[in-house]
Amino acid sequence: MTFTLRELAERVGGAVEGDGALVVARLMPLEEAGPSDLSFFANKKYRHAFEASRAGAVLVEPDEAVPSGRTVLRVKNAYLAFAKVATLFHPPAQAVPFAAEQAFIHPSAHVDPSAELMPFAFVGADAVVGPRCILYPGAYVGEGARLGADCVLWPNAVVRDRCRLGERVVLEPGCVVGSDGFGFAFDPEGEAGSGPRHYKVPQTGTVVVEDDVELGANTCVDRGTLGVTRIGRGVKIDNLVQVAHNVEIGPLSILVSQVGISGSSKLGAGVVAAGQVGVVGHVEIGAGAKLLAQSGVTNDVPAGEMVLGSPARSRGLALRIEATLSRLPELAKRVRELEKKLAELEAVPR
Amino acid sequence: MTFTLRELAERVGGAVEGDGALVVARLMPLEEAGPSDLSFFANKKYRHAFEASRAGAVLVEPDEAVPSGRTVLRVKNAYLAFAKVATLFHPPAQAVPFAAEQAFIHPSAHVDPSAELMPFAFVGADAVVGPRCILYPGAYVGEGARLGADCVLWPNAVVRDRCRLGERVVLEPGCVVGSDGFGFAFDPEGEAGSGPRHYKVPQTGTVVVEDDVELGANTCVDRGTLGVTRIGRGVKIDNLVQVAHNVEIGPLSILVSQVGISGSSKLGAGVVAAGQVGVVGHVEIGAGAKLLAQSGVTNDVPAGEMVLGSPARSRGLALRIEATLSRLPELAKRVRELEKKLAELEAVPR
Amino acid sequence: MTFTLRELAERVGGAVEGDGALVVARLMPLEEAGPSDLSFFANKKYRHAFEASRAGAVLVEPDEAVPSGRTVLRVKNAYLAFAKVATLFHPPAQAVPFAAEQAFIHPSAHVDPSAELMPFAFVGADAVVGPRCILYPGAYVGEGARLGADCVLWPNAVVRDRCRLGERVVLEPGCVVGSDGFGFAFDPEGEAGSGPRHYKVPQTGTVVVEDDVELGANTCVDRGTLGVTRIGRGVKIDNLVQVAHNVEIGPLSILVSQVGISGSSKLGAGVVAAGQVGVVGHVEIGAGAKLLAQSGVTNDVPAGEMVLGSPARSRGLALRIEATLSRLPELAKRVRELEKKLAELEAVPR
């Protein structure tokens, strides 16, 4: 599949500067692109690579200076345009209507005939698999679970009983939706005085995953204790993330790898939690808040706020603390010095 | 299934105040409960929700004030009573004696006829699966592994060769028991002088998981290098936790999501490690110690102690440091001010 | 299988002191070893256990004092020698040439006849499985993926489409190679003005895992957005680690459990990242750098440097800061004291 640069400009919006008839055969990174490749320049850190690139054409944003003689496609958002061009070159896989003999479909399940079920995929009793879903080997759809249209369950992805996925939901390999929430009540006596134990709280709720959500590899979303754990529309979650029981993640939020959200916390719309962030239970994170990497969030965060550190503080204060910390050993020395000088002054007879 | 409030009081202990004849059909959260639902009020943070609730009855603890006219069931521990009532309404799934044709059972394995093996479950050579165990699709029981009675392996849970589970052990989806410990000896020369390499230390030990343990989704417990990694009776471990080779977790300990315990460390009975805690190797954590969220534990922790921070310090000191840190930039300014004033004083001719 | 101590000395290098004719039947930890067992003493922390041990013989390093009458095998590196002896006693499992009827092999795949495919293993179209590979149940080799000789995919390990493993690569259970990178471009308008969305950036690259790599249980390695994510020769990665798209890990590096490396970062040769370390995207970590546990690396790290803390600083500075922090509340008190005294001094009429 090839496109001229002019065709691409029409498809993704933007203006060609230079050779619009260039036939683009591939998308490549700036460093590796050749004369018939298109590349993109979206992160200013890579200006040098842009200038040195042999790419036939490059997606650039309106304010970028371009060396003379270079062909570029000016677009409002180079990364978004790159994503759209890449989708033209690599359209997402389409389901091949098919159920492998080695798949298991419970007689009471309803699997749309346009879905694709590979060997060792499992669909339990009363489950529903919508049109054009793809279930890779080892994918598991539990009893009474429901998948909307165009969902993809990569190998060994699990949707436990009664949980629901909307449309176009993607679960990367090993992702688990609907595992039991972590709820135990300490019972100091135990059954018939048998001694202390942790009494399991039945996790009778479910998970609702709304449309256009993507959940990363080996990420876990626990079911509600009562009621639901909800992943809002268009949320994107990276690998190895933990979402505990009864959490609500607002639409379009982003959770980066290894984030953990504890039970019953609520994230508003468009929250971003960077890598390895932890959020305690029963707090509210306002819409558009940004939780910076490795933060430990112990309290509510107002909408739009950026927080940092463990415990998390407003970003401004956290950065001032960090800057002072680097000089802390020296500060301690200065205090000692002050004490010495002051003692000398005090010793002067007046 | 329904119960009168009076019946529930008899089953879980406690005293009805109000309408003991109320027929309870469901357990619901305070906010969503209606006139024929039972709810519970266990976290003081939710007093407002309790007061506003339309629940027919609520489980409350002895010291709680109750608005007049409300029906409550007074119990010693509302969360525990809730758990017990929820278990009456939702008894745990029972194994349906059955081995799917699409399951694999090695001829030398012993699977109790009361066990339930779903399609794509695997039981290796010489393995033992006890009475009433449930193996979901993709569950794997390796060569010579042994499961006691009433274990549940959710989809894609793995018990590698020779590891042993006690009775009533639950592995959530994707949980791995018995993966190789992370042991490599640096070999500066390599085989026949082929250059440096990390030489793998054979991980010949196993894992022993005692009775009533629950391990979370995608949690990993490595086998011992020599000897065993041991998860004590009644331990509950959340999702995405790492337990390294030769670790010992004392009975009734709690490990919250994304905790990591490094090799050969020993946790006493009833230790609680909150979310994202890390513990280095070869240390001892005394019984009942509490490791607060995101702590990095680099040394032994005495029994009963609470620690916090990275590196972890006693909670009291850590909280004092945190409080001072928030004023650190201001403290630095005050030291500059002191230096200035002192210089002025010193400059005064005496 | 048994060896005399003298035979072991020949096999692994080293000199017997004491009874070279001792027949060794097992390797055991110092505390559990008996008179016909060999043990090892490699961590000085365990000197007491060494002195109290009943082991028939112990591997010790050249400079260790040995109580008189004890039989030891002196070796340059006790842990490495232990690993080599353990390998003699427990040689790695060999593939039994076999493809289970219940495995799935696509007609266009090439599986070497010496490989072992257990039930529920899956090999997709055009995939290649090299000589003597072992695929455990639930192992998945996607379309066009290639495994070199002697690879082991433990249960439910996943190699997605077009990714490549070198020779002797081991994937522990649940490990995922080639999941989609986490790349989304924010699209403020959405399709036909349907509102904001995160537009998925097609992840069209792959993963290259070089020879002698071992990846831990439930570890995730994302494919490149364009180009590859590369895990260098001899790298060892522990459980639950996240390696994002387009990361490069230099040969012989070590990533301990729950580490996360963000997109496009490059680690040189022999880097060590300890448990729960996080590295931001687009940075370079020089060869031989050591990232200490729970560090948050936000910038390039020079070769050979040790860093610590979140944000990570050079180890020396970080340790000085930590030491001062423990005295921070007291330091604040001293500053208050100074202010008081200075005010008194200033009040003195001069």
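This is a predicted model: local features need pLDDT of at least 70, side-chain atom pairs count only at pLDDT 80 or more; totals for chains, interfaces and linings use all residues.
**Close-up views of aromatic contacts**

**View 1. An aromatic cluster with members from chains A and B.** The ring of B:Trp154 belongs to one aromatic cluster that also holds B:Tyr136 together with A:Phe104, A:Phe122 and A:Tyr140.

**View 2. An edge-to-face pair in chain A.** Over all chains the structure holds 33 aromatic pairs; among them is the edge-to-face pair of A:Phe3 and A:Phe89, whose centres are 5.3 Å apart and whose planes make an angle of 85 degrees. Because A:Phe3 lies in strand β1 (residues 3-4) of chain A and A:Phe89 in helix α3 (residues 78-89) of chain A, this pair ties together parts that are 86 residues apart in sequence. Both partners are buried, A:Phe3 with a relative accessible area of 8% and A:Phe89 with 11% relative accessibility.

**View 3. A stacked pair in chain C.** The rings of C:Phe104 and C:Phe122 form a stacked aromatic pair, with 4.9 Å from centre to centre and 10 degrees between the planes. The pair links distant parts of the chain, 18 residues apart, since C:Phe104 is found in strand β9 (residues 104-105) of chain C and C:Phe122 in strand β12 (residues 122-123) of chain C. With a relative accessibility of 6%, which is under the 20% limit, C:Phe122 counts as buried.

Methods. Residues are numbered from 1 along each chain as its sequence is written. Chains are lettered from A and ligands numbered from 1 in the order in which they are written. Side-chain values use heavy atoms; hydrogens and water are left out. Rings of Phe, Tyr and Trp (its six-membered ring) pair if their centres lie within 6.5 Å; planes under 30 degrees apart count as stacked, over 60 as edge-to-face and the rest as tilted. Helices (H or I, at least four residues) and strands (E, at least two) are DSSP runs, numbered from the N terminus. Buried means under 20% relative accessible area, exposed over 50%, partly exposed in between (1.4 Å probe, protein chains only).
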